[in-house]
Amino acid sequence: MEVAYLQTPIGTSKFVGDNNGLSEVSVLSEKIPIGTIPEALKDAVYQFSEYFDGKRKVFDLKLNPSGTDFQKKVWAKLLEIPFGKTVSYMELSKQLGDPKAIRAVAAANGKNPLWIIVPCHRVIGSDGSLTGYAGGLHRKKWLLEHESPSQQQSLF
């Protein structure tokens, strides 16, 4: 597996993958020297740069995350949430066909290995509140505001 880093406005993005696809994108609080970007990860780093520059709303990358079948089903559903939109955990559970699976859906959401690309930050509480986020609620807030169609005012 190859590794690359990118400095973003909300932390250092770490990319892990190879020619079979991107298996992990995470955010780190510490700054890591960028170094040489492996060929297999150049497109991911480029597309992330475009996203943070406000020039990209959809990622077009080969993905290869590890997870259970259920987790992959949840992550696939997350990919359907449009840029600038949010859904609640309950809505997501209903879309997956089992409103009682809300806790399992939330747990799978929390195990998402592809930060931002699989947009788990777009899932909020049923009352519209920001709820748990592995990258920290301050990052979730930033991402939702970054994707908001009305940039002048804060959503939260």
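Modeller: Happy to! A residue is called buried when its relative accessible area is under 20%, exposed when that area is over 50%, and partly exposed in between, using a 1.4 Å probe and protein chains only. Glu-50 counts as buried because its relative accessibility is 16%. Please keep in mind that this is a predicted model, in which local features need pLDDT of at least 70 and side-chain atom pairs count only at pLDDT 80 or more, while totals for chains, interfaces and linings use all residues. Residues are numbered from 1 along each chain as its sequence is written, and side-chain values use heavy atoms, with hydrogens and water left out.

Glu-50 sits in helix H1 (helices are DSSP runs of H or I with at least four residues, strands are E runs of at least two, and both are numbered from the N terminus). Setting aside neighbours within four places in sequence, Glu-50 is in contact with Lys-55 and Arg-56, where contact means heavy atoms within 4.5 Å.

Now for the wider setting. The domain assignment, which is automatic or from a database, gives domain 1 as 2-53 and domain 2 as 69-147. Their C-alpha centres are 21 Å apart, and the contact draws on 16 residues from domain 1 and 13 residues from domain 2. Together the two domains bury about 1,200 Å², 70% of it on carbon and sulfur atoms; buried area is the accessible area (1.4 Å probe) that two parts lose on being put together, summed over both. Ile-10, Val-27 and Tyr-51 supply 51% of the area that domain 1 buries against domain 2, more than any other three residues.

Between the domains there are zero salt bridges, a salt bridge being a side-chain nitrogen of Lys or Arg within 4 Å of a carboxyl oxygen of Asp or Glu. Which elements form the side of domain 1 that touches domain 2? Strand S2 (11-18), strand S3 (21-28) and helix H1 (42-52) each supply at least two residues, and S3 gives the most, with seven residues. The residues of that side divide into nine nonpolar, six polar and one charged (Ala, Val, Leu, Ile, Met, Phe, Trp, Tyr, Cys and Pro count as nonpolar, Asp, Glu, Lys and Arg as charged, and the others, Gly among them, as polar).
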